[in-house]
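Visitor: Please show me the model, and then we can go through its ligand sites.

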Amino acid sequence: MKIQEAKVFVSCPDRNFVTLKITTDEGVYGVGDATLNGRELAVKAYLEDLIPCLIGRDPAQIEDIWQYFYRGAYWRRGPVTMAAIAAIDMALWDIKGKVLNTPVYNLLGGKSRKGVMVYGHANGKDINDTVKEVGKYIEKGYLAVRAQTGVPGLKDSYGISAKDKMYYEPATKGLPQESEWSTEKYLNYVPKLFKKLREEYGDEVHFLHDSHHRLTPIEAARLGKELEPYHLFWLEDTVPAELQEGFRIIRQHTTTPLAVGEVFNTIWDTHILFTEQLIDYIRMSVVHGGGLTHMKKIAAMAEVYHVKTGCHGPTDVSPITMAAALHFGISINNFGIQEYMRHTDKTNEVFPHAYTFDKGYLYPGDKPGLGVDFDEKLAEKYPYERAYLPVNRKLDGTLFNW
Ligand code: KDG
Ligand code: MG
């Protein structure tokens, strides 16, 4: 069997997605996700550079093809490169599953659990509003809920919806919007949210929170300490993680479990965090972490150091990545939790899929391959629309991390 054709699509069924479809000379095809929020066209261009090198290869040689595009490229790593490699990798696993007539989780070692526990996103304009929204997720059967609140005195905050409460929409059409930020106001307010949540909903439900890279290590240490009585499942992305050593300071001060990694791309972004046991959950998604081939290695290394997975699953990764994450999450032993920010109906129609939600868990389904498809014809109705993530400024105008 040989790869005969590979095509890249950028479509916008409510938001932009980059999709790769690889077809073999025997007519079997596989799909991969290469979406990089706000930089979709860069990944498309990168993939189009790789496609000529893919044609004629044996799609069964997944490891070799991965190495060809990773080691074989002098300019390694980075989100654009790794999203492109991930899309090829996902499509090849999809093809292998279809050829062998089995779901991808069977190729990864089989099921290690009945389903994949997920967390939903609740958010509100203030503490009372957020507490109410968390309740709605608990009623829907979620066992774990991420809670983000607006902060009094700030016009907006990360993770808060402008309109409907289904999910916040960070990528906006036109030029980037500007957000505003005050670490002091945030740190004074957020612990009160989790106090209230525990008072309202008791000890059983898991709560998570994302600081979205806005703290210094010592500020993160303070937040982690103040949240200890409310025993979070995790506190995410407290500091920008380019400096892995920064986590030593946080770890020395708090027992709140720490999660990081949604912007990481390779195993080399994680090694200090793992070997020094500075984090509890690694958050790379299958698309930004180089595909299933690379994620398997990251999980294996993490396992040695008591680190579990908690793959990034926002709506800016397509249902193809979500499906791949479920096959991955159900098969490895050190699975922690999966983020699940539900896609819109329009997105789901373009990417029909076998995975289903029930009582706090997602199930990948038993279709051969990844169990997700891409409706090319329908996607044509939703052409790419330029959109950017916001940028963030402190109240005095200083440009800050978004
Ligand atoms: O594109 C950026 C989003 O994926 C990110 O802001 C979402 O932090 C995020 C999360 O935890 O889902
Ligand atoms: Mg996050």
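Visitor: This is a predicted model. How far does a polar side-chain atom of His312 lie from an oxygen atom of ligand 1?
Guide: The polar contact cut-off is 3.5 Å between N or O atoms. A polar side-chain atom of His312 and an oxygen atom of ligand 1 meet that limit, and their distance is 3.2 Å.

Visitor: What share of the exposed area of ligand 1 does the protein bury?
Guide: Taken alone, ligand 1 exposes 330 Å². The space that ligand 1 takes is the largest pocket. Of the area exposed by the ligand alone, the protein buries 94%.

Visitor: Which residue has a polar side-chain atom 2.8 Å from an oxygen atom of ligand 1?
Guide: Around ligand 1 there are 15 residues, and those that come nearest are Asn37, Glu262, Asp316, Glu339 and His212. The side chain of Glu236 has an N or O atom 2.9 Å from an oxygen atom of the ligand. The residue at 2.8 Å is His212.

Visitor: How many charged residues are in the shell around ligand 1?
Guide: By class, the shell has five nonpolar and three polar residues. The charged residues number seven.

Terms used: Residues are numbered from 1 along each chain as its sequence is written. Chains are lettered from A and ligands numbered from 1 in the order in which they are written. This is a predicted model: local features need pLDDT of at least 70, side-chain atom pairs count only at pLDDT 80 or more; totals for chains, interfaces and linings use all residues. Side-chain values use heavy atoms; hydrogens and water are left out. A residue is near a molecule or strand if one of its heavy atoms lies within 4 Å of it. A polar contact is a pair of N or O atoms within 3.5 Å; within protein, one must be able to donate a hydrogen and the other to accept it, and residues adjacent in sequence count only if both atoms are side-chain atoms. Accessible areas come from the Shrake-Rupley method with a 1.4 Å probe; for residues, only the protein chains shown count as cover. On a 1 Å grid over the protein atoms alone, a cavity is a set of points where a 1.4 Å probe fits but cannot get out, and a pocket is an open set with protein on both sides within 12 Å along at least five of seven lines; lining residues have an atom within 4 Å of a point. A molecule sits in a cavity or pocket if more than half of its atoms lie within 2 Å of its grid points. Ala, Val, Leu, Ile, Met, Phe, Trp, Tyr, Cys and Pro count as nonpolar, Asp, Glu, Lys and Arg as charged, and the others, Gly among them, as polar.
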